[in-house]
Amino acid sequence: MADEVKINFKEACKMFKENKYTDVIKKCKKILKKDKKNYATLILLAAAMKEIEEYKSEVPLILQSAINIQKDNPLAWKGLITYYEQNLDNDCYDKLLLAYCKILQIDSEYKFTHILNKLLDLSLQLKDISVLTECIEHLSELRKVSDSDKVKLVDKTLGWILLDNFSNLGKYQDLLESVFKSVINEFDTVDQQKFYRKYLKILYDNGDLVILIKEAINMHQKFPQHILPLEYICRIYYEQNMLSEDIDIDITQFYESLFKLNANSEIAAVAKAMYLRKSDNLIAARKILKDTLQLKPFFLYGWMLLSEISMRLHCWEDAESAAKKALEIEKHEIKDGLLHKVKLILIESLSRSDNRQKWETAFQMCEHHLEMQPSTQLEVLHARLSVLLDKPNIYITLDNLELKPETKIQANILRALYLKQNKQFNEALNALDASLETSEAWLLLGIIYWEMTEYNYSLMAFLNGVKIDRHNWKCLVYLGHYYREYGNDVERSRRCYQTALQINPNSEEAGVGLSTAYRLLKNQDANIELLQSLTIQDSGPKWAWLQLGLQYLDQGDGMQAIKAFQHVIRADPNDK
């Protein structure tokens with residue numbers, strides 16, 4: 001039997017050389033009837049079928065039968081690869097890709113680099129993640145048994161496949177990091193930058209920020225004229241600080257480098273503003289953000305940081321406006337933690353206004369967020385709004401807050417606010433007595449004494465409020481009132497108003513106070529300069545026009561005074 005098979009096989013081979021493919025097929029089938037597992041005959045049969053159109057579609061099945069007999073024999077795999085390459089269509093992509101992987105494993109000397117390149121090209125056309133995953137597993141095993149030169153070639157291919165197909169790396173995160181370290185210096189400049197770009201994006205999307213910062217710095221050192229790594233470093237810096245998660249990095253060198261490459265970079269501007277915010281240079285930070293947002297009005301993080309800085313400056317109207325702007329921009333761009341923080345700033349800003357309708361809006365928002373994502377901050381805001389709106393059972397709410405160490409001080413401040421609203425001044429003072437640890441508490445204490453006409457006591461309270469928080473412009477406004485009305489020190493009053501107006505340029509009280517101080521000091525030039533800067537191009541607040549009119553009257557310029565007063569009337573016809 002064996003001799004007969006050998007004789008038939010030799011005859012079939014001779015026929016193949018003579019291009020008698022139909023006879024070869026008949027002869028091979030005759031052999032296979034007697035010896036179904038004859039590997040060489042299956043290979044010859046596939047080769048003959050490949051030459052005849054009507055049999056061509058059967059070639060993969062014949063070769064697969066051979067593979068089932070000898071799975072690690074490269075001959076059938078090579079035949080399969082040749083067939084798929086010559087008959088490539090969408091149905092063959094995944095089969096060819098896996099055939100490439102197998103031939104690399106069983107015959108690493110066979111066109112190793114060529115096969116890897118073909119494999120990579122093919123992977124870019126595939127969308128089947130399960131096939132790509134199987135390919136990655138094959139290559140991962142291959143790199144374990146290859147020499148160092150081949151490992152680098154495998155790693156290049158692996159790296160591109162991972163970067164191009166897996167935005168969520170999952171279990172391949174460590175593999176990509178290992179591959180990245182292995183081959184990043186093997187690429188030419190263009191490919192290095194492409195690799196870095198994709199790698200940094202994946203790290204950012206997956207929240208691997210420590211590795212991201214490290215690799216972005218490495219990229220910046222290699223490509224100092226490339227803005228991408230600098231933008232990632234600056235962005236991570238301000239995003240994480242907005243989330244109160246400090247990044248230990250000297251950010252100044254990076255935002256300054258980014259400014260050199262792009263003088264109008266909004267990312268560098270927000271990073272610098274965040275650095276200034278952390279340095280408590282809030283007014284300078286605010287100016288940078290406002291200038292930037294004039295040029296880039298849809299830059300989300302600029303509005304977010306501006307809302308936070310405005311809140312820290314107690315400029316609640318600005319904080320409200322900036323928070324609303326941030327929330328108007330596409331929400332999918334905001335990380336959940338940052339989105340929640342902006343909403344809290346908006347609620348607090350509304351709660352600090354003098355508008356009951358805004359209080360009602362904030363109260364509804366607060367109740368909604370307490371159901372969805374309760375927090376201590378929301379509980380305190382809810383209590384504040386309950387006080388302002390005189391909600392029932394407010395004492396129960398405040399008692400509950402007072403029982404918690406982290407909210408005890410705020411509970412006492414809100415209790416004092418509620419008692420003050422009801423003209424129970426002495427009880428309000430008692431409520432504040434043990435809670436004078438914040439600037440807000442000292443401000444409320446000063447206001448209570450002011451309404452009780454105990455001005456000397458209020459003076460000490462306002463001074464303490466500014467000592468704790470130099471940005472508490474309301475304390476400064478009251479100090480300006482005190483020094484002008486009761487302290488007989490108009491110059492000191494002017495300084496207080498001027499500082500308050502620098503902190504909150506929208507404060508009518510500070511503006512009127514400063515202008516009045518200038519008039520009392522007979523400093524006409526300074527007053528005119530202040531008021532004209534506020535009323536440029538016939539715009540500006542009503543109070544500024546009124547003060548301008550009064551200044552012109554002091555100077556005896558009736559015509560200019562009338563023009564200024566006409567602006568006041570146009571702004572509010574009902575103001576008598």
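Colleague: To begin with the helices, which elements do the buried residues of α19 pack against?

Modeller: Please keep in mind that this is a predicted model. In it, the buried residues of α19 pack against α13 (227-242), α17 (300-312), α18 (316-328), α20 (356-372) and α21.

Colleague: And how many of the residues of α19 are buried?

Modeller: The count is 12 of the 16 residues, so α19 is largely enclosed by the rest of the structure. Among the buried residues are Leu 338, Val 342 and Ile 345, and the list also includes His 340, Glu 348 and Ser 349.

Colleague: What span does α19 reach from its first C-alpha to its last?

Modeller: Helix α19, residues 336-351, reaches 23 Å, which is close to the 22 Å expected at 1.5 Å a residue.

Colleague: Which residues line the largest cavity?

Modeller: Its lining is made up of Met 242, Met 304, Leu 305, Ser 307, Glu 308, Leu 338, Lys 341, Val 342 and Ile 345. Helices α17 and α19 each supply at least two residues of that lining. By class, the lining has six nonpolar, one polar and two charged residues.

Colleague: Now the pockets. What is the volume of the largest pocket, and which residues lie nearest its centre?

Modeller: The largest pocket holds about 1,500 Å³ of space. Its lining has 47 residues, and Trp 316, Arg 352, Arg 384, Leu 443 and Lys 474 lie nearest the centre.

Colleague: Which helix gives the largest share of that lining?

Modeller: Helix α21, residues 376-388, gives the largest share, with six residues. The lining of the largest pocket divides by class into 16 nonpolar, 16 polar and 15 charged residues.

Colleague: And what is the volume of the second largest pocket?

Modeller: The second largest pocket has about 210 Å³. It is lined by 13 residues, and the closest to its centre are Gln 64, Trp 77, Lys 95, Leu 98 and Ala 99. The elements that give two or more residues to this lining are α4 (59-69), α5 (74-86), α6 (93-106) and α8. The largest share, five residues, comes from α6. In the lining of the second largest pocket, seven residues are nonpolar, two polar and four charged.

Colleague: A change of topic: the backbone. What is the phi of Asp 280, and where is this residue found?

Modeller: Phi of Asp 280 is near 65 degrees, a positive value in a residue other than glycine. Asp 280 is in the loop between α15 (266-278) and α16 (282-295). With 34% relative accessibility, Asp 280 counts as partly exposed.

Technical notes. Residues numbered from 1 in each chain as written. Predicted model: local features only at pLDDT ≥ 70, side-chain atom pairs only at ≥ 80, totals over all residues. Heavy atoms only, no water. Helix = DSSP H or I, 4+ residues; strand = E, 2+ residues; numbered from the N terminus. Buried < 20%, exposed > 50% of the residue type's maximum accessible area, 1.4 Å probe, protein only. 1 Å grid on protein atoms, 1.4 Å probe; cavity = no way out; pocket = protein on both sides within 12 Å on 5 of 7 lines; lining within 4 Å. Points joined across faces, edges and corners; volume = space filled by probe spheres on them. Nonpolar A, V, L, I, M, F, W, Y, C, P; charged D, E, K, R; others polar. Expected span 1.5 Å × (residues − 1). Contact = heavy atoms within 4.5 Å.
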